[in-house]
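Please keep the sequence and the 3D view open while you read.

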Amino acid sequence: MRRLPPVLLEDGCPRELISLIRTVLAACKEISFRVGQGALSGVLGSTLDENIQGETQKKLDVLTNQLLKDILLESGYVKAIASEEEDFTVAGNPDANYIVAFDPLDGSSNTDINSLVGTIFSIMAAPEGADPADPSIFMQPGKNQVAAGYVLYGPSTVLALTTGKGTRFFTLDKTHGTFLLTQDFATVPEETSEFAINASNQRHWQPAMQNYINDLIAGDTGPRGRNFNMRWIAAMVGDVHRVLCRGGIFTYPTDTKDPNKPNKLRLLYEANPMAMLIEQAGGIASTGTERIMDIQPDAIHQRVAVILGSKNEVETCLSYHK
Ligand code: AHG
Ligand code: MN
Ligand code: MN
């Protein structure tokens, strides 16, 4: 098994970017330990605070955000950071070349039930000479990402990483504290019989998505002529990991449940990094009308509809939207 740096060096990845990725992973190793301690270290449950998006923060949302923020800013490798749990971007080293957007703990509603959670991150180059305090440095489409990944804190701690040369899996060897390469070049199977949705929202979706899912549920009695199975972890990081491992379609589509919040998932630190990992593994990531990584952002906490996964199934879903 090979360690992280030789693999990325062989890809021609700049040393500074490797060091930045290692810095993110240093925080994730500690998060893995903290999450694993669970009730023993008093980190479960909620705080009394809300983030800027009006969501109650879990204790672990706050703790994981602080860990990543401190380690990244101290490292000197980042010009600025953007986080789900920070109202605004935070300036770092003016001379640094990279910016990082992250969801410190995805699926945090799962913390108290000992179910899957993870950290999602997206790395882009900072525009040259840009002011680290200027949030517009984050207003770049996802296709500009130079690296993207997540760390899934499950029965084992797994890193999915891409630097634009395929998607790889690494597993944290907890005896040595090292991420070891355990799968080179993940590929999402083009065909699938699995879908991942929060079905309780179905009546609020647009007709195209309702029709598509109705046809999946109709199985061999409907137009698809075969049966589909449903899986839902309620943490994007867990659902996307399953799709990367064995295929599937994951969607969190636009809904009308709350007119102020037509979409749930955030572009910069959820949709974009997952889209890059999925595309680098041969899958598709779309909003229903456009490629996720082509979207020009206009706000750091901007939300988008997400449809991603196995190529043929996502294309079928998109055909309902035409
Ligand atoms: P977060 O915990 O970072 O706020 O993200 C949760 C997201 C995503 O992971 C998941 O797919 C979705 O919210 C589930 O939400 P619902 O259970 O409300 O459908
Ligand atoms: Mn999230
Ligand atoms: Mn989160």
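Ring pairs link W232, F250 and Y252 into a cluster. For rings of Phe, Tyr and Trp (its six-membered ring), a pair means centres within 6.5 Å; planes under 30 degrees apart are stacked, over 60 edge-to-face, and the rest tilted.

A word on the ground rules. This is a predicted model, in which local features need pLDDT of at least 70 and side-chain atom pairs count only at pLDDT 80 or more, while totals for chains, interfaces and linings use all residues. Residues are numbered from 1 along each chain as its sequence is written, chains are lettered from A and ligands numbered from 1 in the order in which they are written, and side-chain values use heavy atoms, with hydrogens and water left out.

**Aromatic pairs**

How many aromatic pairs does a search of the whole structure find? The search finds three. Y212 and Y320 make an edge-to-face pair, 5.3 Å from centre to centre with 75° between the planes. This pair links distant parts of the chain, with Y212 in helix α4 (residues 207-218) and Y320 in helix α7 (residues 311-320), 108 residues apart. Helices and strands here are DSSP runs numbered from the N terminus: H or I of at least four residues for helices, E of at least two for strands. Y212 is buried at 1% relative accessible area, whereas Y320 is partly exposed at 25%.

W232 sits in the loop between β12 (229-230) and α5 (236-246) and F250 in strand β13 (residues 249-252), so the pair ties together parts that are 18 residues apart in sequence. W232 is partly exposed, at 28% relative accessibility, while F250 is buried, with a relative accessible area of 1%.

UniProt lists residues 188-321 as "domain: Fructose-1-6-bisphosphatase class 1 C-terminal" in an unreviewed entry. UniProt positions follow the numbering used here, feature names are shortened, and annotations may be inferred rather than shown by experiment. In the model, the end C-alpha atoms of that span lie 23 Å apart, and the span is 35% helix and 15% strand.

**The manganese ions**

Donors are N, O and S atoms within 2.8 Å of the metal (3.2 Å for Na, K and Ca); water is not among the atoms, so sites may look incomplete.

| Ion | Protein donors | Distances | Spacing |
|---|---|---|---|
| manganese ion (ligand 2) | D103 (OD), D106 (OD), E270 (OE) | 1.9 to 2.1 Å | D-x2-D-x163-E |
| manganese ion (ligand 3) | E84 (OE), D103 (OD), L105 (O) | 2.2 to 2.3 Å | E-x18-D-x1-L |

Which residue bridges the manganese ion (ligand 3) and the manganese ion (ligand 2)? D103 does, and the two ions lie 3.7 Å apart. E84 is in the loop between β3 (78-83) and β4 (90-91) and L105 in strand β5 (residues 98-106), so the pair ties together parts that are 21 residues apart in sequence. Both E84 and L105 are buried. D103 is buried at 0% relative accessibility, and D106 is buried at 6%.

**The sheet and its helices**

Eight strands form an open sheet with mixed pairing, in the order β4-β3-β5-β6-β7-β8-β9-β10. The edges are β4 and β10 (178-183), each with a single partner strand, so one side of each has no neighbour in the sheet. Two strands pair if DSSP finds at least two bridges between them. β5 and strand β6 (residues 117-125) run antiparallel and are joined by seven bridges, and A101 stands opposite S122 in β6.

Helix α2 (residues 15-37) lies across β3, β5, β6, β7 (145-153), β8 (157-162), β9 (167-173) and β10, at about 15° to β7. Helix α3 (residues 59-75) lies across β3, β4, β5 and β6, at about 160° to β5. Axes are lines fitted to C-alpha atoms, for helices over the stretch in contact, and angles run from 0 to 180 degrees between N-to-C directions.

**A loop residue**

L44 lies in the loop between α2 and β1 (46-50) and is partly exposed, at 27% relative accessibility. Leaving aside neighbours within four places in sequence, L44 is in contact (heavy atoms within 4.5 Å) with G38, A39, K59, L60, T111 and D112.

Technical notes. Buried < 20%, exposed > 50% of the residue type's maximum accessible area, 1.4 Å probe, protein only.
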